[in-house]
Each structure stands twice: as structure tokens, then as C-alpha cells.
Amino acid sequence: MTELLVRLFVKNKDEVQEPCVRTAYGVLASTVGIFLNILLFAVKLGAGLLLNSISVMADAFNNLSDAASSVVSFVGVKLAGRPADEEHPFGHGRYEYIAALAVSFLVLQVGFSCLKNSVGKIFHPESVEFQPVIVFVLAVSILLKLWLAFFNRKLGKRINSRVMQATAADSTGDVLVTGATVLSLILGRYSGLAVDGYMGTIVSVVVLAAGIGIAKDTLRPLLGEAVAPEVYELLTKKVESYEGILGTHDLIVHNYGPTHSMATIHAEVRSDAELEKAHELIDRIERDTLRDLDIFLVIHIDPVDVRDKAVGECRQRVSELVCGLEPEASIHDFRMVKGEERINLIFDLVVPYSYEPEGERELRKRVEELLKQENPKYECVINIENSFIQKK
């Protein structure tokens, strides 16, 4: 069914990097979501009123919020597909994240409302009439929501859409919600216990958890994320694959939507390399990265002295010493300035974010002390910084 809908409503379905194709996928997912959720809302609301069941009605209004979420997703996808302009040279892709954040607030509002009603039901329980036909309707609802979750997850992965993946997670939560509702009906029928309020509370907690999860997932790219390990490996391998590049560090990636990213990286080249040739190489890497990875890359050149064997050996020794003190630390931009009375070792020291200022000062002190023991002439000029890469 999923592929049939895609073939019918998405032209050039394989060209997922094209804005118009992404928009078509988003419109399809939103339209299907609106239709199914309004249908489920109407059916469940009627069942809840018939049974006088707060958990069934809570489930119904959860589907209504899902329909509203699909409307928000529809608007967000349409806005995100707008081309770049003078005020937004990197496009409007972040509208998709804003839409997903709005979806999370709608889900949270429904969750709080249902929680309030469910708690009241616990203290003032009412009997719930069991009808097999209603259980059948809810079971069909579970199957439809399972398909909708699969539908959104599959399309969301295909076009790397956080809104659609969030909608898929929300639909999965709805399956649990409706399952809890069915369980309350069955338990009430065969045990005689007034569990409707308790199951409604469980429903509310699941809805709230889904809303919080969606909010967290969409706030990260809006606030600015660390570079994902797979993106780090992709970009560093790309840059370091060119002859003349000795190494890379300080990769930073700015996300302007699922298909628009800008990155900066420091690339190490021989200090005796001709400036014009090095500049030509950097320009070529930047052009190739934009063409091959669709990432706007800016490269900063760091010269490395490869002629002085003593500098290379000292850098290796400092790196080993630092890793011995802190396995997650590393160094880069290493330089050695030799004088008659002192030898300056200048380098950047990358430490984990877990380090407090006191811990950074202590690590710096230990590095300086150990290097002094190896050579009293060593004077360290250390710049401490943090990594922009996510932990695996």
C-alpha cells in the first residue's frame, strides 16, 4: 500500500534531495494522517459516548490531536520546501523542525487534559459497559495505527524527515494507548474492577511521554547539535582522501534543514607547500564536497612542519602523554618554537565536556609537569577546548 501511494502521488520519487519531491512526500504523509485520524476520532468518540468511557474518549481526542498534528506537519513541510532567498540564503528547511515542535505541544496539551479527567475518574469511578463490537472497532484502530506508524517511519527515513519520524513515534504510542483502552474494557468486564480511570491515566502518561520525546528530538537541531559520528567519519574521510592533506580536526556542522548543511574544518598541509597549490587543492575539495555530499564546506589550512623529525617525535610523545592522563583527550595544531633557554610547545588540547574548569586546570598542570620532567626547557602554551563530535 505504501509504495502504491508513493507511485500515485509522488513524481520522481527516487530524487529525494529535490525540494519538490520532499514536499510531495510530506504532503502525502500529512494527508493520509489527517484522513485516518479524523476517521478514528469519529469512531472512537461515538464508542466512548456509548460506553461512557473516559479512556475511550481520551483515546479519541488523542486521534484528533494527531489530525491537528498532521495539519501542522502539512504546513511545515510546505514552508520548508520554499527556496532560498535574500533573507534566508540557506533555505527554509528549519520550518520542518518548528512544525515538529508544534506537534509536540499539541500532544502534550492532550496528555495533560486526559490526565486530569482520568485522575477524576479514579476518585469517582463509573461503570463501563462492555460491548464486543467496540473492542473490535478499537482492535481495527490498532491495526490502522500500526500501518500509519510504518508508513510515516518508512517515508521519514527515505527523505530524512524529523516531522514524519516524530509522527511515526506518535502513532506507535497510540497503538499502546488503544491497547491499554481495550485492556481496561476486558478487565472491567471479567473482573468487575473499575479500572477505567487507571487505564486512562496510563494512556495520558504515554501521550505525555510521546510529546516530551518529540520536543526533545526537534529542539536539538534548533539549538545546534554536535556532529554525528557518521557525518564526522564521512567528511573527514572525504577531505583526508586527497593527496596533500595530512589530517583534519575541528569539524563543525551547522544544520539548516534535512537537506541543507554548512560545515567548517581545519585541514593540515605541509608547511613548505606552495600557497597557490594548497589554495587550489582546498578549493577543489570544497567544490567536490558540495557536489558529492551536498554540504557547503569551508576549509581552514593548518601548516604542519614535516621536515623537522624532532618536532614530529615531540608531537607524538605529547599525544601519548595526554592520552595516558585522559584517554578521551587529544591534541592538534602542535608547534615547537626553539630558543636558547626555552622551547615553547604550543598546541590545542581537546577534553570531554564532563571536565569542569578545575579539572581542566588540573589536567593542564599535570601535562606541563610531566613535560618539564622530560625536558626542563619545555614551556607549554596550551589552549583547552571541547570536541564538536557526538559520542558513539
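Let me open with a question: does D333 count as buried, partly exposed or exposed? At 22% relative accessibility, D333 counts as partly exposed. For those terms, buried means under 20% relative accessible area, exposed means over 50%, and partly exposed is in between, using a 1.4 Å probe and protein chains only.

Before going on, a word about what we are looking at. This is a predicted model, in which local features need pLDDT of at least 70 and side-chain atom pairs count only at pLDDT 80 or more, while totals for chains, interfaces and linings use all residues. Residues are numbered from 1 along each chain as its sequence is written, and side-chain values use heavy atoms, with hydrogens and water left out.

Now the overall picture. The protein chain has eleven helices and six strands. Both are DSSP runs numbered from the N terminus, helices being H or I with at least four residues and strands being E with at least two. The radius of gyration of the protein chain is 29 Å, well over the 21 Å that the globule rule gives for 392 residues, so the chain is more spread out than a compact globule. That radius is taken over C-alpha atoms, and the rule is 2.2 Å times the number of residues to the power 0.38. Along its principal axes, the C-alpha trace spans about 95 × 50 × 30 Å. Buried residues make up 44% of the 392 residues. Of the contacts with a separation of 6 or more, 67% come from residues 24 or more positions apart; contact here means heavy atoms within 4.5 Å.

Let's turn to two helix pairs. Helix α5 (residues 132-159) packs with helix α6 (residues 162-191) at an angle of about 165°, their axes 7 Å apart. That makes α5 roughly antiparallel to α6. Axes are lines fitted to C-alpha atoms, for helices over the stretch in contact, and angles run from 0 to 180 degrees between N-to-C directions. Angles under 35 degrees count as roughly parallel, over 145 as roughly antiparallel, 65 to 115 as roughly perpendicular and the rest as oblique. The contact of α5 with α6 divides into 15 nonpolar, ten polar and four charged residues. In that scheme Ala, Val, Leu, Ile, Met, Phe, Trp, Tyr, Cys and Pro are nonpolar, Asp, Glu, Lys and Arg are charged, and the others, Gly among them, are polar.

The second pair is helix α4 (residues 95-123) and helix α7 (residues 196-223), at about 160° with axes 7 Å apart. That makes α4 roughly antiparallel to α7. Their contact has 22 nonpolar, nine polar and two charged residues.

S70 sits in helix α3 (residues 54-80), and at 5% relative accessibility S70 counts as buried. Not counting residues up to four places away in sequence, S70 touches S30, G33, I34 and N37.

Back to our opening residue. D333 lies in strand β4 (residues 330-338), and its phi is near 55°, a positive value in a residue other than glycine. Most residues other than glycine have a negative phi. D250, in strand β1 (residues 247-255), also has a phi near 55°. At 18% relative accessibility, D250 counts as buried.

Last stop: E230, in helix α8 (residues 229-240). At 55% relative accessibility, E230 counts as exposed. How far apart are the C-alpha atoms of E230 and Q390? They are separated by 9.5 Å, with the two residues 160 apart along the chain.
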